[in-house]
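Try each task before you read its solution.

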Amino acid sequence: MNYASVIETPIGRLSILADEDFVHAVTFEEKDIAGLTENELTIKVANQLKAYFNGKLRDFDFPMKQKGTEFQQEVWQNLLTIPFGETTSYAKFSAHNPLAIRAIAAANGKNNIAIAVPCHRVIGSNGKLVGYAGGLWRKQWLLQHEREVAKKGQTELKF
């Protein structure tokens with residue numbers, strides 16, 4: 001059975017989709033959730049996301065599982081190692097496999113668990129914001145929010 005929760009955030013509505021055991025998506029995309037109800041897991045994720053947006057949570061601890069290739073799974077796992085309030089470039093993120101930079105960027109773009117799998121923390125090598133399924137304005141907001149909460153560097157990102 002599938003379950004869903006929807007929350008309003010400072011940067012728009014987030015849909016949380018899960019089964020009994022795992023979250024499969026946290027997305028800004030409009031999803032047809034007619035007939036789906038919340039469960040304990042979607043409520044937990046909703047509460048963690050609210051705490052994140054309130055500056056009270058930096059690390060998520062809910063079980064997640066996205067559909068994807070072994071390569072995509074590896075990229076998504078690596079995203080989880082980028083510290084809260086920090087960014088990395090696509091070049092640095094793919095330094096262990098520089099010939100795969102485009103494939104890594106594509107896998108990053110297919111991440112379906114926004115915010116908790118922090119694909120928003122990967123930026124261009126020149127420091128510019130590039131690619132975010134939720135829109136670059138959301139990416140900028142998330143990065144600025146995390147820097148403010150972490151009290152790291154400038155509080156207003158200049159792009």
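Buried area is the accessible area (1.4 Å probe) that two parts lose on being put together, summed over both. The model is predicted: local features need pLDDT of at least 70, side-chain atom pairs count only at pLDDT 80 or more, and totals for chains, interfaces and linings use all residues. Residues are numbered from 1 along each chain as its sequence is written, and side-chain values use heavy atoms, with hydrogens and water left out.

**Exercise 1.** Find the domains and the distance between their centres.

Solution. Start with the bounds, which come from an automatic or database domain assignment. Domain 1 covers 3–54 and domain 2 covers 70–150. Next, take the centres over C-alpha atoms: they lie 21 Å apart.

**Exercise 2.** How much area is buried between domain 1 and domain 2, and which residues of domain 1 lose the most?

Solution. The buried area is about 1,100 Å². Carbon and sulfur atoms give 70% of it. In domain 1, Ile 11, Phe 28 and Tyr 52 lose the most area to domain 2. Together they make up 57% of what that side buries.

**Exercise 3.** Count the contacts between the domains.

Solution. Begin with contact (heavy atoms within 4.5 Å). 12 residues of domain 1 touch 14 residues of domain 2. Now look for salt bridges (a side-chain nitrogen of Lys or Arg within 4 Å of a carboxyl oxygen of Asp or Glu). The count between domain 1 and domain 2 is zero.

Note on methods:
Polar contact = N/O pair within 3.5 Å; in protein donor to acceptor, adjacent residues only side chain to side chain.
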